[in-house]
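Visitor: I am new to this structure. Could you walk me through it in short steps?

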Amino acid sequence: MNAWVQAIINVFINPVFYRSTLNQSTPLIFAALGGVYSETTGVVNIALEGIMLIAAFGGVVGSYFTGNPWYGLALALLLGISMAALHAWASIRYAGDQIISGTAIILLAQGITGFSLVELFGKPGSTDLVRSIPLVNLGGFEEVPFFGKMVGSLSPLVYVAFASVVFSWYLIYKTKLGLRMRSVGNNPEAADTLGVNVYNIRYFGVLMSGVFAALGGAFLSIGELGQFTENMSNGRGFIALAAMIIGNWSPTGAMWAAILFGAASAFNDQLQSQGVLHLATNTQYLFGMIPYILTLIVVSGFVGKSRAPTADGIPYIKD
Amino acid sequence: MSKLKKFYMNDKIISPLIAIVISFIIAAIVMILIGKNPATAYGALFYGAFGTEGALINNIMKATPLILTGLAVGFGFRAGLFNIGANGQLIIGALLATYVGSQMQTFPFYLSIPLMLVVGMLGGALWGALAGWLKAARGAHEVITTIMLNYIAVFIANYVVNGPFQAPGGVPKSPEIAYSARFPNLVTTGATWLSAGIFVALAAVVVVYIIIEKTKTGYEVKAVGFNPYAAEYGGISISKNVVLAMAISGALAGLAGTMQVMGVYYRYLGSLGGSMGFDGITIALIGQNDPIGIAFAAFLISSIRAGSNQMQIAGVSKNIVIIIQGIIIFLVAANRLVKTLMVWKRKGVEEI
């Protein structure tokens, strides 16, 4: 038992844990924000998982063929927005079942990335290593003990994620557009009567979810390592949805929940690598399930206290 | 409008067929764009699915668990539940059945075979009911909980077959089940065989049909799926039926996993679940949640899957099959799109 206490203390006093928390939270924050945009306007978006996956692939492909990771990011955004547009088209224009459409997007993303991986890189599994987005180094700050190792050198996307939270909060709660988004998500009939174009607002919400989920996906592949592996989103889109629910459909709430999941995941990784525990190799599987169990518990415990937009998931059919 | 509405009603078969045809056309266009010949690819697909006796047997063996995961997802849909967790339920069912099966060396087959089936169904039912209970008692949406339970099941299985329940030799697989717990083979050709599991799957089609159409349970589950508030007003408990429906759905998925253990691998393997849970969604949607429709849809998907290996040899990555499935599901979701296309076609040019 003493070894466990020692190992846990070791994790918490190591700046690597905090840096890893930021890195693990970033894709979740992006995707959860994406969920907030979509569902605030009343469209359930489980397609986030697929959007992240295809964007992660797009990031690597763009970087591979141009040698410039920023073009990778651009391709990631393009593919992510395209997938979101498909989801929007089925669920808004054709009033389709949003969960079924989302499932279709996830399968399409798996199929397209798996297919193209073999076509473009000649082998299944993973791509070659490509150039990733350069990290932001805070000059002399890296020399500062502890904090230097924690935030001295991070991907610019980490900063973008937090800036996006502030931006989204402002947009959704402080602007006319945000008011329209919320009214369309809660009472589309009333919004329609008042002259708001329900369809356009919903398209906006879903396309924005494509933008943010794509940023999250791009971070996974070209944020640090510069490689795509098959199914690398690995459930993060769903965990992000859980973060959105726990965060009560608000950008700031979703961010805190995403950080909680990111920290749990980072804690997991760091604890496993503690030599004092002498862990058998198969215990990695026991540790691996912790984020998913946490999600399960939190979703089951918090749902009663949070409230989805009233018209969330219900197609709007104009008479 | 009423004429249009009437038309929507009797398209249970035509609408999914159109979705299938469109998806194959789109996949063919993709193949042409990357310089492959779709005729060759689809020819190989067809040959791989039906071309030889071995291919046909392989096809039916693949259809066996798919009928069951299709029924699992379809039964959930009838109850208004989206069970994306067939994969997890399948894994837990298969794992428990394998454990029990590995302990039955001294049992006669008439005890071990039914016991395997029951344990496999119970395992899946338990995993499914857990998600049902979380929804009924805590309001947690089944889409998120079943997906989380999928991941947890995968980790549990990996842990178990890499440690406490690992066969000697260091490979991640369980010990074998007893001979008495294995399905007899109906036909054997070369390295492929047809196990009696297909009869279990077909029996499940009949049983699910009877449950849905002829029993009080089926009526209540459908009522809750159709309109939960009206059902509760009529004295039907929502909570009870949500848990029950998820348990039945999970039991069917668990049975699917057990088929793989009893008829194919005779042990638990890490890759046993594959994509059968997700395939179940495609199958339920194509089969319009009707047990008989699901049986046909499962055979369609098993044919595509069985043929995709041959297609891969012919030079087209079998991932194209996943794209085809994605497009089918997308078109089922956007079925108003398909219906619009159908109405145009039917009305003819003069009315447009």
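Guide: Begin with a rule for burial: a residue is buried if 20 or more other C-beta atoms lie within 10 Å of its own, exposed if 12 or fewer, and partly exposed in between. Keep in mind that this is a predicted model.

Visitor: How does Arg138(B) count by its C-beta neighbours inside 10 Å: buried, exposed or partly exposed?
Guide: Arg138(B) is found in helix H6 of chain B. Arg138(B) has 15 C-beta neighbours inside 10 Å. A residue needs 20 or more to be buried, and 12 or fewer to be exposed. Arg138(B) therefore counts as partly exposed.

Visitor: How far apart in space are Arg138(B) and Gly88(B), C-alpha to C-alpha?
Guide: In sequence, Arg138(B) and Gly88(B) are 50 residues apart. In space, C-alpha to C-alpha, the distance between Arg138(B) and Gly88(B) is 20 Å.

Visitor: Which element gives the most to the side of chain B that touches chain A?
Guide: Here 36 residues of chain B are in contact with 38 residues of chain A. On the side of chain B, the elements that give two or more residues are H6, H7, H12, H14 and H15. The residues of this side divide into 24 nonpolar, ten polar and two charged. The element that gives the most, with ten residues, is H7(B).

Visitor: How many charged residues does the contact of H2(B) with H14(B) have?
Guide: From H2(B) come residues including Phe24(B) and Val30(B), and from H14(B) residues including Ile327(B) and Leu331(B). By class, the contact has 15 nonpolar and one polar residue.

Visitor: Now chain A. What is the handedness of the crossing of H3(A) and H10(A)?
Guide: The axes of H3(A), residues 48–66, and H10(A), residues 198–222, come within 7 Å and cross at roughly 55°. That angle makes H3(A) oblique to H10(A). The crossing of H3(A) and H10(A) is right-handed.

Visitor: How is H7(A) set to H12(A)?
Guide: The axes of H7(A), residues 156–174, and H12(A), residues 251–272, come within 8 Å and cross at roughly 150°. Trp169(A) of H7(A) and Met255(A) of H12(A) are among the residues that make the contact. By class, this contact has five nonpolar, two polar and no charged residues. Angles over 145 degrees count as roughly antiparallel, so H7(A) and H12(A) are roughly antiparallel.

Notes. Residues are numbered from 1 along each chain as its sequence is written. Chains are lettered from A and ligands numbered from 1 in the order in which they are written. This is a predicted model: local features need pLDDT of at least 70, side-chain atom pairs count only at pLDDT 80 or more; totals for chains, interfaces and linings use all residues. Two residues are in contact if their C-beta atoms, placed from the backbone, lie within 7 Å. Helices (H or I, at least four residues) and strands (E, at least two) are DSSP runs, numbered from the N terminus. Ala, Val, Leu, Ile, Met, Phe, Trp, Tyr, Cys and Pro count as nonpolar, Asp, Glu, Lys and Arg as charged, and the others, Gly among them, as polar. Axes are lines fitted to C-alpha atoms, for helices over the stretch in contact, and angles run from 0 to 180 degrees between N-to-C directions. Angles under 35 degrees count as roughly parallel, over 145 as roughly antiparallel, 65 to 115 as roughly perpendicular and the rest as oblique. A crossing is left-handed if the near helix is turned anticlockwise from the far one by less than a right angle, and right-handed if clockwise.
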